[in-house]
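The following paragraphs lead through the structure shown below, from its overall layout to selected contacts between side chains.

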Amino acid sequence: PNAFATGRSPERAVVAVTTGILKGMPQEELEGVIAHELAHIKNRDMLISTIAAGIAGMIGNLPWLLMFAGGSRDEEGRHPLLDLALVILAPLAAMLIQFAISRQREFEADRVGAEILGRPLPLANALKRLDYMARRIPMEVAPAAAPLAQVNPLAAVGGGVTKLFSTHPPTEERVARLEAMAMAH
């Protein structure tokens with residue numbers, strides 16, 4: 001079960017849903033999921049994600065540019081281990097930044113989606129259902145495709161430090177924020 005938004009602008013965006021989510025989710029929860037996806041469109045999250053990926057790519061390639069475009073190592077007095085550390089750590093740092101941005105965009109899409117729908121609990125309940133399903137029936141999803149899911153499809157195998165490498169915040173935290181929104185209204 002999944003739904004996702006795609007498109008280069010709000011005028012050209014679409015929300016796609018799988019038959020699995022249509023069959024396995026109550027109507028009210030499905031409305032919450034679609035509102036969340038509409039929030040991604042409203043917030044221009046596809047554009048933000050594309051820019052974040054571009055910046056991450058530039059950061060990841062910066063050490064190579066510095067090493068090969070900057071002249072010889074002997075002239076600059078750089079240590080080869082420093083170059084190696086930069087080549088390894090820069091892409092890792094870029095990826096962590098990109099994933100952190102993605103997690104924040106999910107929180108914001110939850111908030112705006114709840115506003116679009118006018119009530120946060122249908123989305124909170126849908127997230128609980130999707131998380132339960134992802135843990136109960138682990139999906140064979142390539143990590144590169146994980147950002148397209150409503151909840152972390154790799155949740156059954158994640159935990160600990162792997163949260164840093166997740167494109168989605170923990171479902172429990174998302175649900176807690178949505179429930180707090182419901183209490184405030």
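**From the overall fold to individual salt bridges**

Arg119 has a relative accessible area of 31% and is therefore partly exposed. This arginine, in a model that is predicted, takes part in a salt bridge with Glu31, in which the closest N and O atoms are 3.3 Å apart. Glu31 belongs to helix 2, whereas Arg119 is found in the loop between helix 5 and helix 6, so the pair ties together parts that are 88 residues apart in sequence. Glu31 counts as partly exposed because its relative accessibility is 31%.

The setting of this pair is the chain as a whole. The chain contains 7 helices and 2 strands, and its elements run β-β-α-α-α-α-α-α-α from the N terminus on. Of its 185 residues, 35% count as buried. The accessible surface of the chain amounts to about 10700 Å², and carbon and sulfur atoms contribute 64% of that surface. Among contacts with a separation of 6 or more, 66% are accounted for by residues 24 or more positions apart.

Helix 3 can be examined next. This helix comprises residues 45–69, 25 residues in total, and spans 34 Å from its first C-alpha to its last, which is close to the 36 Å expected at 1.5 Å a residue. The course of helix 3 includes a bend of about 35° at Asn61, and a proline, Pro63, follows within four residues. Pro63 is also one of the buried residues of helix 3, a group that includes Asp45, Met46, Ala52, Ala56, Gly60 and Met67. Which elements cover these buried residues? The cover includes strand 1 (3–6), helix 2 (27–42) and helix 5 (80–117).

Are the two partners buried or exposed? Glu29 counts as buried because its relative accessibility is 9%, below the 20% limit for that class. Arg129, with a relative accessible area of 30%, is partly exposed.

Because Glu108 and Arg111 are 3 residues apart in helix 5, about one helical turn separates them. An α-helix has 3.6 residues a turn, so residues three or four places apart point the same way. Both members of the pair are partly exposed, Glu108 at 23% relative accessibility and Arg111 at 33%. Elsewhere, salt bridges that share partners join Glu28, Glu31 and Arg119 into one network, which returns the account to the arginine with which it began. The count of salt bridges comes to 10.

The side chain of His168 makes a polar contact with the side chain of Thr167 at 3.0 Å. His168 and Gln104 lie 64 residues apart in sequence, while their C-alpha atoms are 8.4 Å apart in space.

Technical notes: Residues are numbered from 1 along each chain as its sequence is written. This is a predicted model: local features need pLDDT of at least 70, side-chain atom pairs count only at pLDDT 80 or more; totals for chains, interfaces and linings use all residues. Side-chain values use heavy atoms; hydrogens and water are left out. The expected span of a helix is 1.5 Å times one less than its number of residues. The bend at a residue is the angle between axes fitted to the seven residues ending there and the seven starting there. Buried means under 20% relative accessible area, exposed over 50%, partly exposed in between (1.4 Å probe, protein chains only). Contact means heavy atoms within 4.5 Å. A polar contact is a pair of N or O atoms within 3.5 Å; within protein, one must be able to donate a hydrogen and the other to accept it, and residues adjacent in sequence count only if both atoms are side-chain atoms. Accessible areas come from the Shrake-Rupley method with a 1.4 Å probe; for residues, only the protein chains shown count as cover. A salt bridge is a side-chain nitrogen of Lys or Arg within 4 Å of a carboxyl oxygen of Asp or Glu.
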